[in-house]
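Please walk through this model with me, one kind of contact at a time. Keep the structure open as you read.

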Amino acid sequence: MRSLVAVISAVAFASMPRSFGHASIVDSAPAPFASVPSTPGEIVVNFSEPIEISYSRISVIAPDGSRVDRNDPHHVDGDTSTFAVSMQPALPEGVYTVTTRVLSAVDGHVTDGAFTFGIGVAPGGEGPSGAPSSILQPTESASRFPGMVGQIVVVGAAFGSLWLWKPLERVPWLAAALGAKRPAVDRSMVKLVIIGTGLVIGSNIAMIVVQAIDIGAGIPEAIATKFGNVWMTRMIESSILMIIAFFVYRKVVKTGASPSRAEMLAILVMGIAVLVTSSLIAHGAATGETVAILLDFFHNAAASIWIGGLVLMGFVAVPKILSLADERARSAAISILIPRFSTIVVTILGVSIITGPLLLFMIESDLSLTLASMYGRILAIKLGLAGVMVALGAYSQFVIQKKAVLATTNGSSVQFGNYTRFAKILKVEAGVGIALLLMVSLMANSALPAGEFPQYGRQDEQAAFAAAPVPTTYEQTLYTSAGKARLSIDPFIVGQNKFLLAFFDAEGNPADVSSATIKLAQIERGIGPISIDTVRQQDGTFAANAALSLPGKWSIQVEGTREQSANIVANVDATVRPAMSSLKFEVKEYEIPSQSLPLFPVYDRARQSIWAGDSLPESGRMWQLDMATGNYTEHRLANVSLVTQTALGADDTLWYIDPVQTLLGHYDPETGADEKFPLPEKGILSSLAMDQDGNLWMPIVQPNKVYKFSPAQGEFTAIDIPTPDSRPVAITAGADGKLWLAESVGKIAMIDPATGGITEYAPSGQNKLDTPTVVFPDGNILYISEHDSHTVTAFNPLFETFREYPSLNEGGLPFGMAKDAYGNIWFAEHEIDRMAVFDPRTGQGTEVKIPTAGSFIQYITADDQGRIWFAEQRGAAIGSVTITAGAVPQEPGGETPDGEGPVQDVGFSLADAAGPGIVAGIVLSAFLYAKSSMDLKRNVRAAISKG
């Protein structure tokens with residue numbers, strides 16, 4: 001058995017091309033979000049499958065909104081999966097947007113895509129994107145679904161008519177009893193074929209109309225496409241099928257005879273021909289592999305025979321048989337029909353168990369990606385419905401059949417209600433099958449996981465931060481009117497800690513303290529105060545061992561008792577960071593109700609909301625997420641192209657930037673008032689920050705300046721950045737009022753808001769900041785995300801020193817940062833669907849995986865509860881991470897391995913699961929087939945013997 005598993009796994013899951021199921025962008029030149037020194041001669045976009053260039057569009061838009069390509073779309077070297085356009089020469093520096101709308105030559109779907117690149121500047125960003133609306137295409141599904149139902153009805157009815165009656169005819173007395181009902185069954189069966197063919201033809205018409213609308217052309221133009229060629233073939237085949245079915249029906253009605261075997265074979269062959277056209281415009285065809293098309297066809301044919309056979313049985317054959325007055329004939333017919341139909345059903349299940357995983361692997365082999373996608377969620381529903389059908393069939397096989405056999409062999413009476421229940425079960429099973437077809441329709445008209453997340457690749461395995469040689473001891477000098485106390489807590493972790501106290505008088509001399517106590521209280525949990533006695537040491541200090549049993553904020557009170565003077569009493573609040581092993585993460589996502597590209601989240605405490613601008617071109621809106629309900633409110637902004645970053649003012653109004661129009665906006669959510677302030681110079685606004693006086697600060701890339709806007713005066717002031725072509729990408733205001741700027745050239749800068757003076761900093765020697773992207777002030781330390789070094793660096797402005805933390809994941813590109821309630825630093829790793837968190841004292845940390853693959857998180861923020869909020873630009877959602885920590889007792893100096901968040905990878909591949917699953921399915925199908933065959937032979941013999 002093990003060798004069989006290995007053979008099937010090896011054959012089934014050999015290296016195969018990935019399918020995107022719609023023409024999705026897979027690469028381009030220039031690369032998405034790359035920077036090129038001069039104007040490229042042409043833009044080349046590579047798609048996952050061939051496209052119809054006549055009905056596709058590509059354009060390149062300049063920062064000022066003008067079109068700068070030559071409008072000469074063409075293929076490159078005859079490759080129909082490429083789409084190129086020539087560029088106007090000598091374009092100015094800036095960020096340019098490439099937009100595409102293409103018609104797949106494989107499945108006829110129209111998909112939108114967009115990405116940006118920079119000429120002389122680094123635009124930043126996440127990669128090519130398809131419009132979120134192209135993930136699921138309900139209009140196409142609605143047009144194709146009736147045709148799918150119709151074709152399975154035709155194939156199932158024709159096959160069932162040829163398959164089901166044969167064993168019944170081997171029982172002479174039963175055949176005679178059924179003879180009176182056979183013409184009525186045949187008439188209804190051919191009617192069913194005509195109805196099914198009508199559904200196919202009606203669906204065909206709807207499909208070509210939808211196709212014409214999608215490509216913005218007439219129906220003749222739609223028929224002229226490659227998809228239209230397949231459609232025409234399908235339409236001709238459907239028409240021939242209708243003609244055959246109509247003439248067969250006339251014959252049956254006129255003569256009262258049953259259709260001949262040749263006539264039913266003709267209907268079956270034409271029905272199968274229609275099925276073939278479905279496979280030619282399905283996801284399997286997108287791979288370009290004949291084997292994938294064949295797998296899709298066999299999978300569809302098997303489902304058609306199963307579900308179509310149920311329709312024939314449930315709505316035609318069984319009701320007519322149950323109308324017989326002879327109870328013995330009813331029982332014998334049911335006892336034969338059930339195993340007869342079961343033999344084909346279990347064979348179909350065996351075929352499906354083989355073809356389903358193989359086809360899935362050919363179009364998407366990444367199981368984790370599949371499960372995270374819309375395609376995977378629909379697939380799960382489909383499999384669930386198939387399970388319901390199997391369960392209903394098993395009931396008929398093991399319960400109804402048993403009673404029918406007893407009635408046939410023993411002459412016992414079976415209550416008619418049992419047979420009525422059987423008829424109802426067949427109808428319900430057929431209805432579930434139709435629902436399953438709806439899921440198939442949605443899958444066939446949705447982007448596959450690789451198309452939904454075109455930049456999602458294999459993620460690196462989680463690694464831990466290397467422990468940095470940084471002491472974790474907490475040290476603080478506490479000042480009082482009576483003197484001061486120096487407190488040291490080592491190692492300052494959850495668990496046992498050593499407390500050291502030293503007291504000094506007002507002049508700084510050792511104080512005459514006779515005894516000392518410490519009182520501990522955990523503020524969030526309401527624990528304490530707990531009094532701890534200390535022991536006097538030889539050097540005059542006082543020591544105690546005590547447990548900090550929980551992470552979070554602790555209130556620490558120290559008191560030194562003096563005989564001749566007032567006691568020295570001081571208080572301090574200190575946050576105990578939990579061990580990474582004790583952190584638990586709960587990730588929630590709130591999907592935005594319409595197509596959107598949220599970028600920069602802002603926490604609004606007054607409204608308990610998260611705000612995010614929509615960076616989708618021409619969207620002109622901001623989204624407000626109610627943190628309590630998870631509901632969104634859309635705020636439309638007139639004459640705004642898109643919103644990237646926002647800032648919340650002290651009056652709870654919002655400031656935003658539109659980088660396309662080089663515009664600063666001011667929006668009041670309460671009144672809807674919206675003021676706009678165009679900047680004096682054109683260029684890409686890369687960030688927005690507000691200082692303590694309410695002034696707005698904006699770096700602008702092309703002129704290499706930072707603009708200050710004073711709302712009181714309504715005036716802009718420009719400040720030149722000292723380093724030429726510094727490419728400023730982010731600005732942040734610190735708690736001390738200073739502004740910090742990240743420069744892509746490898747520097748950071750401090751701006752004095754009072755004077756406008758700029759001081760730049762960079763590591764000395766050979767080291768340099770590798771594409772600093774975001775700066776995050778925290779107390780006296782400034783954290784810098786180094787995008788291309790895959791790490792974070794801490795800068796101490798007082799000593800002007802830099803310290804680089806070890807990289808957590810070499811596949812991650814650090815971006816926006818925030819701090820949680822425990823003082824840990826979080827940053828987005830926007831190309832691998834993860835966020836990282838680390839203890840800045842030690843560098844030890846872990847990662848949290850975002851459930852939505854291809855989310856491309858760039859910016860994050862924290863609320864007043866310490867939750868981390870993130871915007872999924874490609875996931876069209878805003879999400880949160882709630883961090884909790886338990887008590888993990890730990891000896892001083894001990895280490896506990898970092899833990900992982902609750903969202904984990906699947907941990908095994910599709911091949912690992914499908915190989916054994918296929919073998920098990922084959923064995924089970926073979927067993928059930930053998931049982932049904934034996935049941936059929938036994939039941940036929942029993943019926944003959946009772947004749």
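A charge sits over a ring if NZ of Lys or CZ of Arg is within 6 Å of the ring centre and within 35 degrees of the ring normal. R328 meets this rule: R328 lies over the face of W173, 3.9 Å from the ring centre. R340 does likewise with another tryptophan. The charged end of R340 is placed over the ring of W163, at 3.6 Å from its centre.

A word on the source. This is a predicted model, in which local features need pLDDT of at least 70 and side-chain atom pairs count only at pLDDT 80 or more, while totals for chains, interfaces and linings use all residues. Residues are numbered from 1 along each chain as its sequence is written, and side-chain values use heavy atoms, with hydrogens and water left out.

Next come the rings. Rings of Phe, Tyr and Trp (its six-membered ring) pair if their centres lie within 6.5 Å; planes under 30 degrees apart count as stacked, over 60 as edge-to-face and the rest as tilted. How many aromatic pairs does the structure hold? There are 23 aromatic pairs. One of them joins F503 and F542: the ring centres are 6.0 Å apart and the planes stand at 70°, so this pair is edge-to-face. The pair links distant parts of the chain, with F503 in strand 12 (residues 495–504) and F542 in strand 16 (residues 542–548), 39 residues apart. Strands here are DSSP runs (E, at least two residues), helices are DSSP runs too (H or I, at least four), and both are numbered from the N terminus.

Are F503 and F542 buried or exposed? Buried means under 20% relative accessible area, exposed over 50%, and partly exposed in between (1.4 Å probe, protein chains only). F503 has 4% relative accessibility, so F503 counts as buried. F542 is buried because its relative accessible area is 3%. Elsewhere, ring pairs join W655, F677, Y707, F709 and F716 into a cluster.

Now the charged pairs. A salt bridge is a side-chain nitrogen of Lys or Arg within 4 Å of a carboxyl oxygen of Asp or Glu. The count by this rule is 21 salt bridges. Take R605 and D864 as one of them: the closest N and O atoms are 3.3 Å apart. This bridge links distant parts of the chain, 259 residues apart. R605 is in the loop between strand 20 (598–604) and strand 21 (609–614), and D864 is in the loop between strand 44 (857–862) and strand 45 (868–872). R605 has a relative accessible area of 58%, so R605 is exposed. D864, at 36% relative accessibility, counts as partly exposed.

Q608 is found in the loop between strand 20 and strand 21. Its phi is near 50°, a positive value in a residue other than glycine. Q608 is partly exposed, because its relative accessible area is 31%.

Where does the bridge between D614 and R621 stand? Their side chains meet at 2.7 Å, N to O. Both D614 and R621 are buried. D614, R621, E634 and R636 are linked in a network of salt bridges. D725 and R727 form a further bridge, at 3.6 Å from N to O. D725 counts as partly exposed because its relative accessibility is 40%. Two packed helices are described by the angle between their axes and the distance between the axes. Axes are lines fitted to C-alpha atoms, for helices over the stretch in contact, and angles run from 0 to 180 degrees between N-to-C directions. The axes of helix 6 (residues 226–255) and helix 7 (residues 261–280) come within 9 Å and cross at roughly 160°. Angles under 35 degrees count as roughly parallel, over 145 as roughly antiparallel, 65 to 115 as roughly perpendicular and the rest as oblique. Helix 6 is therefore roughly antiparallel to helix 7. The crossing of helix 6 and helix 7 is left-handed, a term used if the near helix is turned anticlockwise from the far one by less than a right angle, with right-handed used if clockwise.

Last, the backbone. Most residues other than glycine have a negative phi, and most peptide bonds are trans. The bond from A29 to P30 is cis, with omega near 0°. P30 is placed in the loop between strand 1 (25–29) and strand 2 (35–36). The bond from D490 to P491 is cis as well, with omega near 10°. P491 is in the loop between strand 11 (483–490) and strand 12. E800 has a phi near 55°, a positive value in a residue other than glycine. E800 is in the loop between strand 38 (791–796) and strand 39 (801–804). With a relative accessible area of 51%, E800 is exposed.
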